[in-house]
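Subject: Structure for your review

Dear colleague,

Please find below the structure that I am handing over to you. My findings follow it, and I would be grateful if you could read them with the coordinates open.

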Amino acid sequence: MSTTIRWAGVVVLVAALFVVPPLYGQFLPQRISDYLIFGLPALAVALIAGHARLLNIGVGATFGVSAYAVAILSQHSVLNPWLLMLGAFAAGLLVSGLFAVYAVVATGLEYLLLTLLTTSAFFTLPLLFAGITGGENGLPVKGAVDISFGLDPLVGNGFYWLLCAITVFWCVLSWYLLASRSGRVMVAIGRNPVRAAAMGYSVRAYQVAVTLYSGAIAACGGWLYALAHAFVFQDLLGLANSVNFVLYSLVGGVDTIIGPLLGTAGLRYLGEYLGTTQSTQTQLYLGVALLVVVYLLPTGVVGGFRQLLRLRYLVRSRGQTDEPLSAALAREAGLDTLLGGADE
Amino acid sequence: MIQTGVAPFVRPTWWRTAVLAVAGLLAVAACGGAATQSGGSQEATGPAITIGVLDDQAPSTAVEGAEMRVNTDLAVNQINSSGGIHGHKVNVVFADPQGDPSKAVTLAQQLVQQNNADILVGGVLSSECLGVENLVARLQVVYVSSTGCAAEAFTAMQCNQYSFRITPQGRQVNVPLSQYIVNTYGKKWAIIYPDYAFGQSQLAAYKVGMQAAGGELSQIIPIPYPETNMAPYISKIQTDGSVNGVINSEVSADLVRSSEAIAQFNISPKLPIVGVFGKERFGGVYPPSLTGDIGQSPELSDAAKENSFDVAYHTAFKQQLGKEDPTIINTLGNDKSVPGDLGYEAYTAITALKEGMLNANFSGKADTSKLISAMSKLKAKQGTDFPGGDFQMNASDHQGVTTTYIAKISGQQEQVLTTLAPDKLSAIGTCQAK
């Protein structure tokens, strides 16, 4: 299929994202808005953990701090939407800067624990500064629609379109960066930092860059959350929220751009559906569903779909190569590496 | 060779995954959740009034969620079996936020915008209720908190014209309770409290109460949240006579854990324990260690035999319980289940709404302003709708007050020590619900 047709397909799909929910009406634009907002930090997880292999589970802290920044600024009569956006990004990048320092000074399990403990610490901040954060009660965001460029998140489609545009922007930019030389270097560093360093790449610089970039995406999510819901609370900063973002990303496909968005939509919809269709076993069903997905689709939904496409390709191209089909299938499943085959 | 590792991420099949993702995103989101509904009999015939209920079934709020479910169903069935609201049947749409405030806000929005709920009820955690309270001012629908939602801020700081709370909370009940225990047992008290906003507001309320009564909190023990091991904190309580008693303001599972720890350290025989009350928190049966404990509640655990309204309410509760999900029945203690104050909060949230809707001639969202006006002026004597005692709504902050009992646990019995009329409970703050 030619590149032109592929691009045309993408344009049609993006157009559908912009057009279909508003045409469908009811609650659909608001529902997807929520998925897109939570999908952004999930995308940040995919970039930092899936591609760069930095096991950061503190994305929720970045998301939450940005949301709190909007609420706190609005409480202090800062209602200019651009200033609020800048404030949210600045706060988010400040937290990301901390994680970037961790990326420089620590690796592996040590890095994981540092992000975990930092996120736990951030969870307590609203209680420590209850006077300005509202403590456990949370904090309303003032300013009504003025703070969201005059777009009402509850009425009409303007805010939904803004969200779509922002999400598409981050997806395209992320895809472009990953496909670029720098993106490939970053992925290579994730796979084998020692080898990449030996080839002359500045491993730490790349890790700092990807941490700040993914932090900017998470901060954007926090900013949009505050605008959409006009209320922030302690749980936004917590470990549970961070773990949710990791789950969204894992279920959708941690090494893809669009998988985290799909994972977010799927898991959040499942939780909402179960929460409104039966009475008491929501979390049990949700847990079982997660186990099934993780067990059957270890590369996520999108990763699994990709594997299916590759298998179909292999089956179709049988006979055109000397490699036995069984060996090709094993290679696709990664069994050759497990059994001692070289992948490099 | 590094390219081998990179290649899968830039394979030309990305557009196909994009197709799958966007199509999936749209398909998944388009399938609106068919919410759990329950209604009543066939007697009400007009267009239905829909109440969206945020019934939190998270493990940490299982008892509150179960009581909310049973008592909401009970009250709604009673409304419908008596003809509904001027001929309009009442439907309930339940949604479970699972202890997640962001889900609570999303579901509240969904209930109104997708399920066409005319009124919102529920939410258990303070952050859920405060988030929804903030939302309803934008959605312009009436919201009544149910079981839980104990943060004073709900009516003391963030009040708005659309939000109502029926049962008294915080210093409204802690101040008179403090006065009673200071007058009865002495001036110096220890307090254990969960170290987050709810616990801190409880601490502030007891400080105010103690000051008003001429007493003091001479030992303050914050317990971090979350903390499952209570022993290090409970063991700090002084039993050498330097305090006259212990106030336990823990809640939910932490309340049970702290009570058990107090019993293990043999503190309860030496000092009166205040704040632990309500059989529903213990599966319908008080542990022996709670004998002698003192608490306050708008409803006693067992029906007062001389109160026919209360007897009827408890009987109806048992009958309704038999129709519920086995998990809910089990959570509440099977045949030992009682509504208690947690269930009473949920029951009276709906009966207060019923009175408000009847007075406002409410038939749907278009009558919201009439309902607000009627709810603001609501006042009821003890009866079928308020079996525990009288009720009165404060028009300025939309905080209700009810008859409140201060009682002492004695085995499985509750001995009423004093009864506080609604007008003896002062307002929490000066918030104006506009």
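This is a predicted model: local features need pLDDT of at least 70, side-chain atom pairs count only at pLDDT 80 or more; totals for chains, interfaces and linings use all residues.

In general, the strands of a sheet pair through backbone hydrogen bonds, either parallel or antiparallel.

Chain B as a whole

The sheet belongs to a chain with 14 helices and 16 strands. Chain B has 434 residues, of which 62% count as buried. Among the contacts in chain B with a separation of 6 or more, 70% are between residues 24 or more positions apart. The accessible surface of chain B is about 14900 Å², and carbon and sulfur atoms contribute 50% of that area.

Disulfides and other cysteines

Over all chains, the count of disulfides comes to 2. One of them joins Cys129(B) and Cys149(B), with the sulfur atoms 1.6 Å apart. The link of Cys129(B) and Cys149(B) is left-handed, with -50 degrees about the S-S bond. It connects distant parts of the chain: Cys129(B) is in helix 5 (residues 126-139) of chain B, while Cys149(B) is in the loop between strand 5 (142-144) and helix 6 (153-156) of chain B, 20 residues apart. Cys129(B) and Cys149(B) are both buried.

Cys159(B) and Cys431(B) also form a disulfide, and here the sulfur atoms are 1.9 Å apart. The torsion about the S-S bond of Cys159(B) and Cys431(B) is about -100 degrees, so this disulfide is left-handed. Because Cys159(B) lies in the loop between helix 6 and strand 6 (163-164) of chain B and Cys431(B) in the segment after strand 16 (413-420) of chain B, the pair ties together parts that are 272 residues apart in sequence. Cys159(B) counts as buried at 11% relative accessibility, and Cys431(B) is buried with a relative accessible area of 11%. With bonded cysteines counted along the chain, the disulfides of chain B follow the pattern 1-2, 3-4.

In chain A, Cys171(A) takes part in no disulfide; its nearest cysteine sulfur is that of Cys164(A), 11 Å away. Cys171(A) counts as buried, at 13% relative accessibility. For Cys220(A), the closest cysteine sulfur is in Cys171(A), 11 Å away and therefore too far for a bond. Cys220(A) also counts as buried, at 2% relative accessibility.

Aromatic residues

The structure holds 22 aromatic pairs over all chains. One aromatic cluster is formed by Phe38(A), Phe63(A), Tyr225(A), Phe245(A) and Tyr248(A). Over the face of Phe38(A) lies Arg268(A), at 3.8 Å from the ring centre. In chain B, the charged end of Arg69(B) sits over the ring of Phe94(B), 3.9 Å from its centre.

Yours sincerely

Key
Residues are numbered from 1 along each chain as its sequence is written. Chains are lettered from A and ligands numbered from 1 in the order in which they are written. Side-chain values use heavy atoms; hydrogens and water are left out. Helices (H or I, at least four residues) and strands (E, at least two) are DSSP runs, numbered from the N terminus. Buried means under 20% relative accessible area, exposed over 50%, partly exposed in between (1.4 Å probe, protein chains only). Contact means heavy atoms within 4.5 Å. Accessible areas come from the Shrake-Rupley method with a 1.4 Å probe; for residues, only the protein chains shown count as cover. Rings of Phe, Tyr and Trp (its six-membered ring) pair if their centres lie within 6.5 Å; planes under 30 degrees apart count as stacked, over 60 as edge-to-face and the rest as tilted. A charge sits over a ring if NZ of Lys or CZ of Arg is within 6 Å of the ring centre and within 35 degrees of the ring normal. A disulfide is a pair of cysteine sulfur atoms within 2.5 Å.
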